[in-house]
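Subject: Structure for your review

Hello,

Here is the structure I said I would pass on. Please look it over before reading my notes.

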Amino acid sequence: MVESIREIGFRSLVVVAQLGRILRFAGAIVRSTFAPPYRLQRHLEELYNLGVLSLIIVCISGLAVGMVLGLQGYNTLVRFGAEGSLGAVVGLSLIRELGPVLSALLVTGRAGSATAAEIASMVTSEQLDGLRMMSIDPLRFVVSPKAVAMVVVMPMLNALFILCGIGGAYLIGVPLMGLDGGVFASSLTSSVRFSDDIVGSLLKAVVFGALMGLIATFRGYFSAPTAAGVSAATTSTVVITSVAILIGDYFLTALWGIEP
Amino acid sequence: MDQARSADPPHVALRDIHMAFDDRVVFEGLSCAFARGRISVILGGSGSGKSTLLRLVGGLVQPSSGRIEVAGQDITRLSERELYAVRSRLGMLFQGGALLDSLTVYDNLALPLRQNSDASPSEVDQRVHERLAAVGLAGCEGLLPGQLSGGMLRRAALARAMIAKPEILLCDEPFSGLDPLSLKRIESLLAGINRRLGTTLLLVSHHIPSTMRLADRVLLLLPGRVVQGTPEEMLASADPEVAGFFNEDVEETHAGDAAGWWAPIERGGASF
C-alpha cells in the first residue's frame with residue numbers, strides 16, 4: 001500500500017517536473033523568436049517544409065471527409081425532410097470541429113513526427129552541439145522556426161481542409177443527390193457566423209499548432225542520442241500531440257463554443 | 001611527468017573536476033593543463049571520459065564541481081550566452097563531422113560566418129573556397145554531407161571547424177574509421193594547422209600510432225588518475241599501467257616494432 005502511494009507520488013513529481021521543463025522550453029522558444037536579429041529566411045524555409053508539403057494530404061483528406069459527410073448527412077436529413085439543411089450541417093461540423101481537429105491530427109502525423117525525428121537525429125549526430133560550438137543557438141536556428149511555422153500554417157491548413165470538405169459535400173449533395181445548389185449555399189451561409197464559428201475554428205487551429213510545435217520540438221530536442229531515442233521521440237510526439245489536441249479541443253469548445 | 005610544467009600559463013586548464021552521469025562517476029578530482037600552441041593527445045580506455053573532457057572544455061557539459069579555464073577565463077559559471085563568446089575562440093571537430101545534413105558543404109562552412117560576423121558575401125565566398133581548397137575539397141561546394149565519403153566528410157568538418165580561425169581546436173576521434181590514405185591526410189592537415197596557424201590542438205583518439213606521431217604531449221586517463229608526458233616519456237614509462245596501455249597497442253598494431261611508428265611526421269606537409 002505504502003509502496004503504491006510512493007509510486008504514485010513519484011510519478012506525479014515526474015509529470016510536474018516534465019511540465020515545468022516544457023513551460024521553460026516554451027519560454028525559451030518565445031524569447032529566441034522575438035530577439036533580434038530576425039532570420040526571416042529560416043522561417044520561410046520551415047513554412048514551406050511544414051505547410052506547403054502538407055497541402056496535398058490536407059486537400060485530399062478534406063475532400064474525402066466532406067464527401068462522407070455529404071453522403072451521411074443527406075441520407076440522415078432526408079428521413080426528416082430536412083435535406084435542404086445539408087450545407088449547414090456539413091459547414092458547421094467542418095468549421096467547428098472536424099476541420100481544426102482532423103487537419104491538426106493529419107499534420108501531426110506528417111509534419112509533427114518529421115520535426116521530432118529531424119531534431120532528434122540532429123541530437124544523435126551531434127549537429128546541435130556542432131551549432132553550439134559555432135556560437136549558434138540551436139533553439140534560435142533550428143527549434144524556433146519550426147515551432148513558429150506550425151502556429152502559422154495550422155490556421156491556413158485548417159481553412160483549406162474546410163474548403164475542400166465543403167467542396168466534397170457539395171459534389172455529393174448537388175450533382176449526385178440532386179439537391180439545389182442555391183439551397184445548399186444559402187443553408188451554409190445563413191448558419192455560419194464569423195465571430196463564433198470561423199474565429200473559434202481559427203483559434204483552435206492556432207492552439208493546436210502551438211501544441212504540436214511545442215511537443216514535437218521538445219521531444220526531439222531532449223531525446224536520447226541513440227536510434228531508439230529518435231524512434232521514441234517520433235512515436236511519443238504523435239501520441240502525446242494527438243491526445244493533447246483531442247483534450248484541448250474539449251476545453252476550447254467548452255470555453256468558446258457554448259451558446260448563451 | 002605527471003603534470004605539464006611550463007613557465008607560460010596553460011591555454012586550457014582543468015582543476016579538480018568532479019563529474020558523474022547519474023550514478024556513474026567519470027571524474028573525481030581531475031586536474032590537467034594543456035600548453036598554448038601545442039598538440040596534446042588525450043588517451044584512455046573506453047568510458048574513461050576522453051570525449052567528456054573535450055565537451056567540458058567546449059562548455060557542452062558542466063562539471064559537478066571544479067574549474068575549467070580557457071585562455072585564463074573560468075567558463076564553469078558562464079551562461080550559455082556568455083559561453084558563445086568563449087566558443088568564438090574554439091573550434092571542434094566531431095567524430096561524425098556534425099555537418100548539417102540539410103545544407104551543402106558550402107553552406108555548412110559559410111554558416112558560422114553568416115551568423116556571427118559582418119563578413120560580406122564576397123568575403124564569405126572567398127574564405128569558404130580557401131578553406132575547402134586547403135583540405136583538398138575544391139569543387140565539392142555543392143555536395144550534401146551525405147554525398148561525401150568518410151574521409152571527405154572529416155576534412156569538410158575540419159574546414160568548418162577552422163573557418164573562424166579559432167585559437168584552440170578540439171578533435172574528437174579524428175582518425176576513427178578512416179582508410180590509411182585519409183588518415184595520413186587528416187594527420188598532415190592537423191599538423192599543418194598547428195604549425196602554420198599556431199593553433200592549440202586537443203585530440204582525443206584511440207589510434208595510438210597516429211596520435212603519437214602528432215603529439216607534443218600525451219595525457220593518459222587511467223582509473224582514478226592522470227598521467228601526462230611526452231610521447232617518449234610515455235613509451236619509456238616504468239609505470240605498469242602506462243606500459244601496459246602502450247605495449248598492448250604496439251603489439252596489436254605493429255607486431256612489436258615500436259621504433260618507427262611514433263617518429264614525428266613531416267609537419268610542413270599540410271597546406272592549411
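Predicted model: local features only at pLDDT ≥ 70, side-chain atom pairs only at ≥ 80, totals over all residues.

Residues are numbered from 1 along each chain as its sequence is written, and chains are lettered from A and ligands numbered from 1 in the order in which they are written.

Chain A

Chain A has 9 helices and 0 strands; helices (H or I, at least four residues) and strands (E, at least two) are DSSP runs, numbered from the N terminus. Its C-alpha atoms fill a box of roughly 65 × 55 × 35 Å along the principal axes. Of the 260 residues in chain A, 43% are buried. A residue is buried if 20 or more other C-beta atoms lie within 10 Å of its own, exposed if 12 or fewer, and partly exposed in between, with C-beta atoms placed from the backbone. Among contacts in chain A between residues at least 6 apart in sequence, 87% join residues at least 24 apart; a contact means C-beta atoms, placed from the backbone, within 7 Å.

One residue to look at is Leu98(A), in helix α4 (residues 86-124) of chain A. Leu98(A) counts as buried because it has 20 C-beta neighbours inside 10 Å. Leaving out residues up to four places away in sequence, Leu98(A) touches Val65(A), Ser93(A) and Gly165(A). Its C-alpha atom is 9.2 Å from that of Gly62(A), 36 residues apart along the chain.

Sheets of chain B

In chain B, 4 strands form an open antiparallel sheet in the order β2-β1-β4-β5; strands pair if DSSP finds at least two bridges between them. The edge strands are β2 (24-34) and β5 (73-74) of chain B, each pairing on one side only. Strands β1 (residues 12-21) and β4 (residues 65-70) of chain B are antiparallel and share 5 bridges, and Val12(B) has Val70(B) as its bridge partner in β4(B). Helix α1 (residues 50-57) of chain B lies across β1, β2 and β4, at about 120° to β1(B). Angles run from 0 to 180 degrees between N-to-C directions, with axes fitted to C-alpha atoms, for helices over the stretch in contact.

The other open sheet has 6 strands in the order β6-β7-β8-β3-β9-β10 (chain B), with mixed pairing. Its edges are β6 and β10 (225-229) of chain B, each with a single partner strand, so one side of each has no neighbour in the sheet. The twist averages 15° from one strand to the next. Strand β9 (residues 217-222) of chain B pairs with β10(B) in the antiparallel sense over 5 bridges, and Leu220(B) stands opposite Val227(B) in β10(B). Helix α1(B) packs on this sheet too, touching β3 (39-44), β7 (168-172), β8 (200-204) and β9 of chain B, and its direction makes about 145° with that of β8(B).

Core

Which residues touch the most other members of the largest nonpolar core? Of its 142 residues, they are Ala159(B), Leu202(B) and Leu220(B). Such a core is a set of buried Ala, Val, Leu, Ile, Met, Phe, Trp, Tyr and Cys residues joined through C-beta atoms within 7 Å. Beyond four places away in sequence, the residues that Leu202(B) touches include Val12(B), Phe34(B), Leu54(B) and Ile168(B).

Contact between the chains

In all, 15 residues of chain B are in contact with 10 residues of chain A. On the chain B side, α2 (80-87), β6 (90-93) and α3 (105-116) each supply at least two residues, and α3(B) gives the most, with 4 residues.

Regards

How values were computed:
Contact = placed C-beta atoms within 7 Å.
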